[in-house]
Amino acid sequence: MQNYPPPQDLVEREIDAYIRENEKTAGTLRFYSRVYQLQRKWTDKMPPVATRKEQPAERQLSEGRPLLADNALVISEALFNETMSAVVSLAENESLPLPAGDLKAICRSMRAVEFFSDPVNLSMDKLFFFLSEYAGADESVLSTLAFLVRTAVKPFYVVYAREAGEKFSFKIWDRGICPVCGQLPMLAVLSAENGARTLECGLCHTRWEFYRRTCPACHNSDHESLSFFYLPEKSHRRVYVCHKCRFYVKTTVLKDLGRPIIPDLENAATMYLDFLAHKEGYSLFGPGDGTH
Ligand SMILES: [Zn+2]
Ligand SMILES: [Zn+2]
(Lines give C-alpha, C1' and ligand atoms only; values in the text may rest on other atoms or scores of the structure.)
(Ligands and ions follow the chains in the order given, each with its own letter.)
Protein backbone atom coordinates (compact mmCIF):
# COMPACT_ATOMS: atom_id res chain seq x y z
CA MET A 1 0.00 0.00 0.00
CA GLN A 2 1.25 3.45 -0.82
CA ASN A 3 -0.21 6.95 -0.92
CA TYR A 4 2.56 9.24 -2.04
CA PRO A 5 2.88 12.06 -2.95
CA PRO A 6 -0.13 13.15 -0.87
CA PRO A 7 -2.82 15.23 -2.65
CA GLN A 8 -2.47 19.01 -2.44
CA ASP A 9 -5.76 19.73 -0.61
CA LEU A 10 -4.90 17.20 2.10
CA VAL A 11 -1.39 18.66 2.43
CA GLU A 12 -2.79 22.18 2.89
CA ARG A 13 -5.31 21.00 5.48
CA GLU A 14 -2.65 19.13 7.43
CA ILE A 15 -0.18 22.02 7.31
CA ASP A 16 -2.87 24.35 8.72
CA ALA A 17 -3.48 21.89 11.56
CA TYR A 18 0.23 21.68 12.44
CA ILE A 19 0.67 25.45 12.30
CA ARG A 20 -2.31 25.95 14.61
CA GLU A 21 -0.53 23.64 17.02
CA ASN A 22 2.93 25.18 16.62
CA GLU A 23 3.53 28.07 14.26
CA LYS A 24 7.28 27.47 14.28
CA THR A 25 6.75 24.49 11.97
CA ALA A 26 5.34 26.71 9.18
CA GLY A 27 8.60 27.23 7.25
CA THR A 28 9.55 23.55 7.18
CA LEU A 29 6.06 22.36 6.26
CA ARG A 30 5.61 24.89 3.45
CA PHE A 31 8.94 23.69 2.09
CA TYR A 32 7.57 20.14 2.14
CA SER A 33 4.52 21.35 0.24
CA ARG A 34 6.81 22.62 -2.53
CA VAL A 35 8.68 19.31 -2.53
CA TYR A 36 5.36 17.45 -2.96
CA GLN A 37 4.51 19.65 -5.95
CA LEU A 38 7.73 18.52 -7.62
CA GLN A 39 7.15 14.88 -6.66
CA ARG A 40 3.63 14.95 -8.12
CA LYS A 41 4.91 16.39 -11.39
CA TRP A 42 7.67 13.79 -11.65
CA THR A 43 5.77 10.69 -10.60
CA ASP A 44 2.77 11.54 -12.82
CA LYS A 45 4.81 11.62 -16.00
CA MET A 46 7.44 9.01 -15.22
CA PRO A 47 7.36 5.78 -17.26
CA PRO A 48 7.47 2.47 -15.33
CA VAL A 49 10.80 1.88 -13.59
CA ALA A 50 12.43 -1.51 -14.23
CA THR A 51 14.95 -3.45 -12.14
CA ARG A 52 18.36 -4.60 -13.35
CA LYS A 53 17.63 -8.26 -12.67
CA GLU A 54 14.43 -10.24 -13.00
CA GLN A 55 13.67 -11.89 -9.68
CA PRO A 56 11.02 -14.31 -8.40
CA ALA A 57 9.22 -11.65 -6.40
CA GLU A 58 6.67 -13.85 -4.61
CA ARG A 59 9.32 -16.27 -3.44
CA GLN A 60 11.59 -13.48 -2.34
CA LEU A 61 8.87 -11.88 -0.22
CA SER A 62 7.95 -15.22 1.35
CA GLU A 63 11.63 -15.68 2.28
CA GLY A 64 11.64 -12.29 3.99
CA ARG A 65 13.75 -10.56 1.37
CA PRO A 66 12.65 -7.17 -0.01
CA LEU A 67 11.88 -6.93 -3.72
CA LEU A 68 15.01 -4.87 -4.35
CA ALA A 69 17.38 -7.08 -2.30
CA ASP A 70 20.56 -7.75 -4.32
CA ASN A 71 18.98 -5.79 -7.12
CA ALA A 72 18.80 -2.19 -8.29
CA LEU A 73 16.55 0.08 -10.30
CA VAL A 74 17.24 1.18 -13.83
CA ILE A 75 17.33 4.94 -13.37
CA SER A 76 17.39 7.19 -16.42
CA GLU A 77 20.39 9.51 -16.18
CA ALA A 78 18.56 12.24 -18.13
CA LEU A 79 15.57 12.12 -15.78
CA PHE A 80 17.77 12.04 -12.69
CA ASN A 81 19.66 15.12 -13.93
CA GLU A 82 16.29 16.80 -14.32
CA THR A 83 15.09 15.98 -10.81
CA MET A 84 18.49 16.85 -9.31
CA SER A 85 18.53 20.26 -11.07
CA ALA A 86 15.05 21.07 -9.80
CA VAL A 87 16.01 20.04 -6.27
CA VAL A 88 19.17 22.17 -6.34
CA SER A 89 17.14 25.18 -7.58
CA LEU A 90 14.62 24.61 -4.82
CA ALA A 91 17.41 24.48 -2.22
CA GLU A 92 18.97 27.67 -3.61
CA ASN A 93 15.63 29.50 -3.53
CA GLU A 94 15.17 28.41 0.07
CA SER A 95 18.77 29.43 0.89
CA LEU A 96 19.44 25.98 2.32
CA PRO A 97 23.06 25.25 3.31
CA LEU A 98 24.83 23.44 0.47
CA PRO A 99 28.44 22.31 0.01
CA ALA A 100 30.76 24.49 -2.05
CA GLY A 101 30.94 23.57 -5.73
CA ASP A 102 28.42 22.53 -8.32
CA LEU A 103 26.30 19.77 -6.84
CA LYS A 104 25.14 18.51 -10.23
CA ALA A 105 28.75 18.24 -11.41
CA ILE A 106 29.65 16.39 -8.20
CA CYS A 107 26.80 13.95 -8.84
CA ARG A 108 27.99 13.38 -12.41
CA SER A 109 31.61 12.83 -11.45
CA MET A 110 30.80 10.28 -8.76
CA ARG A 111 28.45 8.29 -10.98
CA ALA A 112 25.65 9.08 -8.59
CA VAL A 113 22.93 7.54 -10.76
CA GLU A 114 24.53 4.14 -10.53
CA PHE A 115 25.15 4.47 -6.82
CA PHE A 116 21.65 5.67 -5.97
CA SER A 117 20.01 2.94 -8.07
CA ASP A 118 20.74 0.51 -5.26
CA PRO A 119 18.56 1.25 -2.22
CA VAL A 120 21.22 -0.14 0.12
CA ASN A 121 23.21 3.03 -0.59
CA LEU A 122 20.29 5.23 0.39
CA SER A 123 20.02 4.18 4.02
CA MET A 124 20.86 7.27 6.07
CA ASP A 125 24.15 5.91 7.42
CA LYS A 126 25.43 4.89 3.96
CA LEU A 127 24.27 8.16 2.46
CA PHE A 128 25.98 10.22 5.17
CA PHE A 129 29.20 8.28 4.62
CA PHE A 130 29.01 8.67 0.86
CA LEU A 131 28.25 12.38 0.95
CA SER A 132 30.98 13.22 3.42
CA GLU A 133 33.51 11.05 1.59
CA TYR A 134 32.78 11.93 -2.04
CA ALA A 135 30.93 15.24 -2.01
CA GLY A 136 33.21 16.67 0.67
CA ALA A 137 30.15 17.68 2.66
CA ASP A 138 30.75 18.48 6.31
CA GLU A 139 28.40 17.95 9.25
CA SER A 140 26.65 21.31 8.80
CA VAL A 141 25.25 20.41 5.38
CA LEU A 142 25.05 16.63 5.62
CA SER A 143 21.40 16.31 6.66
CA THR A 144 20.22 18.85 4.10
CA LEU A 145 22.22 17.20 1.37
CA ALA A 146 20.96 13.72 2.26
CA PHE A 147 17.40 15.04 2.18
CA LEU A 148 17.95 16.64 -1.24
CA VAL A 149 19.53 13.53 -2.75
CA ARG A 150 16.69 11.38 -1.48
CA THR A 151 14.18 13.92 -2.86
CA ALA A 152 15.79 13.72 -6.31
CA VAL A 153 15.95 9.94 -6.38
CA LYS A 154 12.67 9.30 -4.59
CA PRO A 155 10.30 9.52 -7.60
CA PHE A 156 11.99 6.49 -9.19
CA TYR A 157 11.48 4.41 -6.03
CA VAL A 158 7.94 5.70 -5.57
CA VAL A 159 6.92 4.80 -9.12
CA TYR A 160 8.49 1.34 -8.78
CA ALA A 161 6.86 0.78 -5.36
CA ARG A 162 3.47 1.97 -6.59
CA GLU A 163 3.46 -0.69 -9.27
CA ALA A 164 4.76 -3.33 -6.85
CA GLY A 165 2.01 -2.38 -4.37
CA GLU A 166 -0.59 -3.06 -7.04
CA LYS A 167 0.83 -6.53 -7.68
CA PHE A 168 1.52 -7.63 -4.09
CA SER A 169 -0.41 -7.08 -0.88
CA PHE A 170 2.61 -7.62 1.43
CA LYS A 171 0.29 -9.48 3.81
CA ILE A 172 2.85 -12.27 4.13
CA TRP A 173 5.61 -9.79 4.92
CA ASP A 174 6.59 -10.02 8.60
CA ARG A 175 9.77 -7.99 8.76
CA GLY A 176 10.51 -4.53 10.10
CA ILE A 177 12.22 -3.32 6.94
CA CYS A 178 10.39 -2.12 3.83
CA PRO A 179 9.20 -5.05 1.68
CA VAL A 180 10.08 -3.10 -1.46
CA CYS A 181 13.37 -1.29 -0.88
CA GLY A 182 14.57 -2.69 2.46
CA GLN A 183 14.86 0.61 4.35
CA LEU A 184 14.08 0.84 8.05
CA PRO A 185 10.78 2.66 8.69
CA MET A 186 10.56 6.44 8.88
CA LEU A 187 7.46 6.52 11.09
CA ALA A 188 4.74 4.29 12.53
CA VAL A 189 1.05 4.86 13.16
CA LEU A 190 -1.28 2.91 15.44
CA SER A 191 -4.65 2.57 13.74
CA ALA A 192 -7.70 4.27 15.22
CA GLU A 193 -9.81 1.10 14.80
CA ASN A 194 -7.74 -1.63 16.45
CA GLY A 195 -4.37 -0.13 17.36
CA ALA A 196 -2.53 -2.21 14.72
CA ARG A 197 0.83 -0.78 13.82
CA THR A 198 1.57 0.35 10.26
CA LEU A 199 5.10 1.37 9.32
CA GLU A 200 5.95 3.72 6.46
CA CYS A 201 9.16 3.69 4.44
CA GLY A 202 10.75 7.12 4.06
CA LEU A 203 12.17 6.34 0.62
CA CYS A 204 9.55 4.55 -1.50
CA HIS A 205 6.71 5.28 0.97
CA THR A 206 5.36 1.74 1.03
CA ARG A 207 3.22 1.04 4.11
CA TRP A 208 3.05 -2.33 5.81
CA GLU A 209 1.74 -3.77 9.04
CA PHE A 210 4.19 -4.99 11.65
CA TYR A 211 3.96 -6.46 15.17
CA ARG A 212 3.39 -3.74 17.69
CA ARG A 213 5.72 -5.10 20.35
CA THR A 214 8.73 -6.06 18.24
CA CYS A 215 11.66 -3.85 17.29
CA PRO A 216 11.56 -3.29 13.49
CA ALA A 217 15.35 -3.15 13.30
CA CYS A 218 16.49 -6.22 15.29
CA HIS A 219 13.18 -8.09 15.84
CA ASN A 220 13.72 -8.08 19.59
CA SER A 221 10.37 -8.82 21.27
CA ASP A 222 11.52 -9.00 24.89
CA HIS A 223 9.21 -6.48 26.56
CA GLU A 224 11.79 -5.64 29.21
CA SER A 225 14.10 -4.15 26.63
CA LEU A 226 11.42 -2.30 24.66
CA SER A 227 9.67 0.85 25.80
CA PHE A 228 8.40 4.20 24.64
CA PHE A 229 8.48 7.78 25.84
CA TYR A 230 6.54 10.95 25.04
CA LEU A 231 6.21 14.51 26.17
CA PRO A 232 3.57 14.79 28.92
CA GLU A 233 1.23 17.06 27.00
CA LYS A 234 1.58 15.06 23.76
CA SER A 235 1.01 11.42 24.68
CA HIS A 236 -0.34 10.57 21.21
CA ARG A 237 3.16 11.10 19.78
CA ARG A 238 5.42 8.41 21.13
CA VAL A 239 8.97 7.34 20.51
CA TYR A 240 9.28 3.54 20.63
CA VAL A 241 12.82 2.52 21.53
CA CYS A 242 14.76 -0.74 21.62
CA HIS A 243 17.36 -0.91 24.39
CA LYS A 244 19.07 -3.80 22.63
CA CYS A 245 19.96 -2.23 19.27
CA ARG A 246 19.20 1.43 20.16
CA PHE A 247 16.81 1.87 17.21
CA TYR A 248 13.85 4.20 17.64
CA VAL A 249 10.71 4.83 15.64
CA LYS A 250 8.34 7.73 16.16
CA THR A 251 4.78 6.51 16.49
CA THR A 252 1.51 8.42 16.26
CA VAL A 253 -1.60 7.08 18.00
CA LEU A 254 -4.38 7.98 15.58
CA LYS A 255 -7.19 7.22 18.04
CA ASP A 256 -5.84 9.84 20.44
CA LEU A 257 -4.98 12.36 17.74
CA GLY A 258 -8.48 12.09 16.28
CA ARG A 259 -7.55 12.48 12.62
CA PRO A 260 -5.58 10.57 9.97
CA ILE A 261 -2.14 11.92 9.12
CA ILE A 262 0.36 12.15 6.28
CA PRO A 263 3.26 10.24 7.90
CA ASP A 264 5.90 12.16 5.93
CA LEU A 265 4.51 15.48 7.15
CA GLU A 266 4.08 14.20 10.69
CA ASN A 267 7.73 13.17 10.58
CA ALA A 268 8.77 16.68 9.53
CA ALA A 269 6.57 18.34 12.16
CA THR A 270 7.94 16.23 15.02
CA MET A 271 11.69 16.77 14.68
CA TYR A 272 11.79 17.68 18.36
CA LEU A 273 11.23 13.99 19.10
CA ASP A 274 14.20 12.99 16.94
CA PHE A 275 16.26 15.49 18.88
CA LEU A 276 15.19 13.90 22.17
CA ALA A 277 15.81 10.37 20.87
CA HIS A 278 19.30 11.26 19.65
CA LYS A 279 20.04 12.89 22.98
CA GLU A 280 19.11 9.64 24.71
CA GLY A 281 21.48 7.72 22.43
CA TYR A 282 18.94 6.17 20.05
CA SER A 283 19.32 6.24 16.29
CA LEU A 284 17.43 5.58 13.06
CA PHE A 285 20.29 3.54 11.64
CA GLY A 286 19.54 0.32 13.48
CA PRO A 287 22.09 -2.38 14.20
CA GLY A 288 24.85 -3.56 11.85
CA ASP A 289 26.15 -1.59 8.91
CA GLY A 290 22.74 -0.65 7.58
CA THR A 291 22.90 -2.97 4.58
CA HIS A 292 20.14 -5.29 5.83
ZN1 LIG B 1 10.74 1.36 0.76
ZN1 LIG C 1 16.18 -3.44 18.24
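Helix α1 (residues 8-21) and helix α2 (residues 26-45) have axes that come within 10 Å and cross at roughly 170°. Axes here are lines fitted to C-alpha atoms, for helices over the stretch in contact, with angles from 0 to 180 degrees between N-to-C directions. Helices are DSSP runs of H or I with at least four residues, numbered from the N terminus. The crossing angle makes α1 roughly antiparallel to α2 (the term applies to angles over 145 degrees).

This is a predicted model, in which local features need pLDDT of at least 70, side-chain atom pairs count only at pLDDT 80 or more, and totals for chains, interfaces and linings use all residues. Residues are numbered from 1 along each chain as its sequence is written, and chains are lettered from A and ligands numbered from 1 in the order in which they are written.

In α1, V11, I15, Y18 and I19 meet A26, L29, R30, S33 and Y36 of α2. Contact requires C-beta atoms, placed from the backbone, within 7 Å.

The protein chain is divided into two domains, domain 1 (8-167) and domain 2 (185-279), with bounds from an automatic or database domain assignment. Their C-alpha centres lie 22 Å apart. In the contact between them, 17 residues of domain 1 meet nine residues of domain 2. On the domain 1 side, α1, α2 and α8 (139-167) each supply at least two residues, and α8 gives the largest share, seven residues.

The table lists residue classes; Ala, Val, Leu, Ile, Met, Phe, Trp, Tyr, Cys and Pro count as nonpolar, Asp, Glu, Lys and Arg as charged, and the others, Gly among them, as polar.

| α1 with α2 | seven residues | one residue | one residue |

How values were computed
Angles under 35 degrees count as roughly parallel, over 145 as roughly antiparallel, 65 to 115 as roughly perpendicular and the rest as oblique. Two residues are in contact if their C-beta atoms, placed from the backbone, lie within 7 Å.
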